[in-house]
Amino acid sequence: MLLRLAPVLFVLIWSTGWIAARAAAPLADPLMFLALRFLLAGVLLLGLMAALGVPLPKGRTVWLHGLASGVLLHAIYLGGVWISIDEGLATPIAGLVAALQPLLTAVLAVSLLSEKLTTTQWLGLGLGLGGLIIALAPGLLNLEGEALAGTGWLIGLNVIAIVSVTLGTLYQKRYLPEGDLRGISLMQYIGAMLAIVPVMLATGSTHIEMSIQSALVMAWSVFGLSFAAIGLYLLLICHGAVSRAASLIYLIPPLVAIEAFFLFGEGLPIISIAGMAVTVFGVYLVNRKQSAPA
C-alpha cells in the first residue's frame, strides 16, 4: 500500500520545500538553517532507531557510501537550491533548471546502471520537460533584462545542485540498493553535516531568528521534508528504476505554482495550466506499467 501511495505523497510533500525555503529566507542564513535541520533530523532518527532496537549500519565501506551520498543528496543539492532562493533567484528559472534532473537521470541511468527505457518512456520524459517549459513560459517572459542580470552564478549554482542530486540518486541506487532506510538516512544526514558546517563557519552564515515562525518552518522541514519526503524518495529509489522515480520531479514546479496560487494569490494563466496537463501526461507515460511481451 505504501509503495502505491509513495509517488503521490512524495510529490505533495517535497513540493512544499520551495515554500519552506521562501519562508525561511528572511529568518535565517540558508546554511545555518540546513545545518540545524540535518542535526535535528539525525538526532531524532538516532533516538528512534535506539527506541526500536534498529542497529546502526555496519562496515567501513557502507558508512563511506552513506556519507558520500549524503553530501550529494543533501549538502550540495539543498545548499545550492536554498542559497539561490535566499539570494533571490526567480522561481520560474529555478524551476526550469530543476526540470533538467529527470532527463539527466534517465540518460545517466541508461549508461551507468544499464536501465532500459522504452520509446514511450523517452517520449514521456520529453513531454514532461516540454510541458514544464510551456507552464513556466509566462513567468519567464515577464522578467525584464535587469531581473535577469547578475543571476548567472545563481543559475550555475542551481545547475550544480541538480547535477549533485542526480549523481546522488544514481550513487544511492548503485552502492546502497538495500538496507534499512533509517540507517541509510542517518549516515546521509551525518555526511551532509560534515560538509555544510565547515562552509557555514568559514562564510559566517550563522544567523537564525528564534521565533515561532522559524520553529514552525524548522519543524516542517525536519518532519515533513527530511523524514517523510526524503524517506519516500529513498524508498522509490530502492524499489524501482531511478529514472522513473526522478520523473516525478517534473510534477513539483507545477504543484508549487498551484500552492502559490492558493497561498499567495498568484495567478495561473491558461497556458500554464495547459503546460501542467502535458507534464502530468508525460510523467504518466514514464511511470505506467508496461505490457508484458507476447
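## Crossing of α4 and α10

In this predicted model, α4 passes α10 in a right-handed crossing (the near helix is turned clockwise from the far one by less than a right angle). Helices here are DSSP runs of H or I with at least four residues, numbered from the N terminus. α4 covers residues 60-86 and α10 residues 181-203. Their axes lie 7 Å apart, at an angle of about 65°. Axes are lines fitted to C-alpha atoms over the stretch in contact, and angles run from 0 to 180 degrees between N-to-C directions.

Contact means heavy atoms within 4.5 Å. On the α4 side, the contact residues include W63, L67, V71 and H74. They meet α10 residues, among them M187, Y189, I190 and I196. By class, this contact has 12 nonpolar, six polar and no charged residues. Gly counts as polar; Trp and Tyr count as nonpolar.

## Second largest cavity

A cavity is a set of points on a 1 Å grid over the protein atoms alone, where a 1.4 Å probe fits but cannot get out. Four cavities have 30 Å³ or more.

Lining residues have an atom within 4 Å of a point. α4 gives the most, three residues. The lining has eight nonpolar, two polar and no charged residues.

## Confidence and conventions

Mean pLDDT (the predictor's confidence in each residue, from 0 to 100) is 82 for the chain, and 81% of residues reach 70 or more.

Residues are numbered from 1 along each chain as its sequence is written, and side-chain values use heavy atoms, without hydrogens or water. Local features need pLDDT of at least 70, side-chain atom pairs count only at 80 or more, and totals for chains, interfaces and linings use all residues.

Conventions:
Helix = DSSP H or I, 4+ residues; strand = E, 2+ residues; numbered from the N terminus. 1 Å grid on protein atoms, 1.4 Å probe; cavity = no way out; pocket = protein on both sides within 12 Å on 5 of 7 lines; lining within 4 Å. Points joined across faces, edges and corners; volume = space filled by probe spheres on them.
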